[in-house]
Amino acid sequence: MNTRKIQMPREVYIGPDVIYETGEICKDLHLDNKVLVLTGPNTYDIAAKHVIESLEDKDIEVDVKIVEKVSYDSVDEVSEMIAPNTTVLGVGGGKVIDVAKLASFDKNVFFVSMPTTASHDGIVSPLASIKNPKTATSAKAHAPIAVIADSKIIANSPFRLLSAGCADLISNFTAIKDWQLAHRLKNEPYSESAASLSIMSAKMITDNVDSIKPGLEESARLVVKTLFSSGMAISIAGSSRPASGSEHTFSHALDKILDKPCLHGEQCGVGTILMMYLYGGDWKFIRNSLKAVGAPTSAKELGISDENVIDALTMAHTIRPERYTILGDNGISEDAAYELALKTGVIK
Ligand SMILES: NC(=O)C1=CN([C@@H]2O[C@H](COP(=O)(O)OP(=O)(O)OC[C@H]3O[C@@H](n4cnc5c(N)ncnc54)[C@H](OP(=O)(O)O)[C@@H]3O)[C@@H](O)[C@H]2O)C=CC1
Ligand SMILES: O=C(CO)COP(=O)(O)O
Ligand SMILES: [Zn+2]
């Protein structure tokens with residue numbers, strides 16, 4: 001059978017205060033039997049409590065779970081709370097949304113994505129990126145049945161999170177270069193439509209850096225919509241290939257090395273500067289774009305050591321060996337990694 005399934009959300013709501021309409025939206029979608037709200041310790045007060053009120057106002061039975069730690073154990077814990085008629089609402093950052101996505105997929109129930117910030121492109125994608133000691137990358141799950149994105153809450157989220165979302169999008173530039181390389185060198189299947197959508201998403205950010213400002217609802221809308229289009233590129237490809245290449249394996253390596261990793265998008269942004277240099281591309285454009293959206297461009301700005309950068313660079317090719325990238329099968333030598341990081345100003 002040569003059929004591919006592309007999953008997209010059925011309904012997408014973006015707007016100020018839309019969170020207060022959650023109950024009504026769930027009723028309209030017939031997702032009103034029983035709802036499990038997953039949220040984080042901070043996002044409970046910021047968003048989830050209003051979601052719960054809105055659901056209860058419509059007489060929908062609600063269970064709540066605060067996700068403290070993101071792991072396969074938390075996915076299992078959440079799965080145990082899911083009955084066949086439960087709808088799972090993920091209200092929070094990328095980690096909460098990923099747990100909601102994977103647990104609902106395991107139990108074959110609907111999932112609604114309710115991002116409280118715009119920090120990553122997993123908002124609509126059908127993949128969940130949950131780490132375990134063996135795999136550092138995303139697992140197959142399903143797309144949300146609906147997305148409810150409150151642009152007021154997102155605009156008021158820490159600007160650092162929005163900057164990280166922009167950096168996750170800018171990283172599509174090198175992800176696509178890696179995909180094209182793997183297509184030419186290894187005959188890996190390549191989708192022109194997914195790649196175009198991915199590049200368009202990255203350009204939407206670099207063409208509009210001046211419009212991305214703290215506390216502005218228009219900025220939040222722009223970044224959310226662009227994260228949607230990048231997530232859709234992932235859906236079309238059926239893998240994170242259009243949005244995750246060597247810059248992401250650099251970030252995944254940092255996640256393994258650091259006791260307290262930085263934000264996903266921040267690490268990927270710095271990785272993009274490094275990998276674009278390896279491609280002989282315009283890495284200064286990447287660095288300037290990241291600076292313009294307020295994202296870190298060096299080890300110092302990430303708050304990590306120069307040694308962490310070199311270790312992550314030399315480890316990156318081991319993270320997902322089946323996904324061919326500019327780092328090749330053997331990776332980069334320590335000397336070359338040092339030169340690369342120095343020349344791009346990532347280390348001093
Ligand atoms: N599935 C996919 O395709 C993808 C998945 N990812 C994954 O997503 C994760 C990264 O997501 P990210 O959002 O950066 O990290 P987190 O989910 O850890 O969120 C970062 C922090 O921001 C807080 N926060 C969220 N919204 C607000 C708000 N409105 N106001 C104040 N604080 C807020 C969270 O609070 P709280 O403590 O309440 O949670 C948390 O402390 C990674 O695990 C990454 O692998 C990334 C890209 C794609
Ligand atoms: O972060 C992602 C896309 O931005 C998902 O990537 P991974 O598949 O590498 O986890
Ligand atoms: Zn990413």
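**Close-up 1. Strand β5 is covered on both faces.** Phe111, Ser113 and Pro115 lie on one side, Val112 and Met114 on the other, and all are buried (under 20% relative accessible area; exposed is over 50%, partly exposed in between; 1.4 Å probe, protein chains only). In a regular strand, side chains alternate between the two faces of the sheet. The strand spans residues 111-115, and five of its five residues are buried. Strands (E, at least two residues) and helices (H or I, at least four) are DSSP runs, numbered from the N terminus. This is a predicted model, in which local features need pLDDT of at least 70 and side-chain atom pairs count only at pLDDT 80 or more, while totals for chains, interfaces and linings use all residues. Residues are numbered from 1 along each chain as its sequence is written, chains are lettered from A and ligands numbered from 1 in the order in which they are written, and side-chain values use heavy atoms, without hydrogens and water.

**Close-up 2. Strand β5 pairs with β4 and with β8.** Pairing requires at least two DSSP bridges between two strands. Strand β4 (residues 86-92) runs parallel to β5 over five bridges. Gly92 has Pro115 of β5 as its bridge partner. From β4 the chain passes through helix α4 (residues 94-106) to β5, in a right-handed β-α-β crossover (with the strands pointing away from the viewer, the path from the first strand over the helix to the second runs clockwise). Strand β8 (residues 146-150) is parallel to β5 and joined to it by two bridges. Opposite Ser113 stands Val147 of β8.

**Close-up 3. Phe173 and Phe285 form an aromatic pair.** The structure holds three aromatic pairs (Phe, Tyr or Trp rings, the six-membered one for Trp, with centres within 6.5 Å; planes under 30 degrees apart are stacked, over 60 edge-to-face, the rest tilted). Here the ring centres are 6.4 Å apart and the planes stand at 70 degrees, so the pair is edge-to-face. Phe173 belongs to helix α7 (residues 172-186) and Phe285 to helix α12 (residues 283-292), 112 residues apart. Phe173 is buried at 12% relative accessibility. Phe285 is partly exposed at 38%.

**Close-up 4. Three residues donate to the zinc ion (ligand 3).** Asp168 (OD), His248 (NE2) and His264 (NE2) are its protein donors, 2.1 to 2.2 Å away (donors are N, O and S atoms within 2.8 Å of the metal, 3.2 Å for Na, K and Ca; water is not among the atoms, so sites may look incomplete). Their sequence spacing is D-x79-H-x15-H. Asp168 sits in helix α6 (residues 159-170) and His248 in helix α10 (residues 246-257), so the pair ties together parts 80 residues apart in sequence. Asp168 is buried at 0% relative accessible area, and His248 is buried at 4%.
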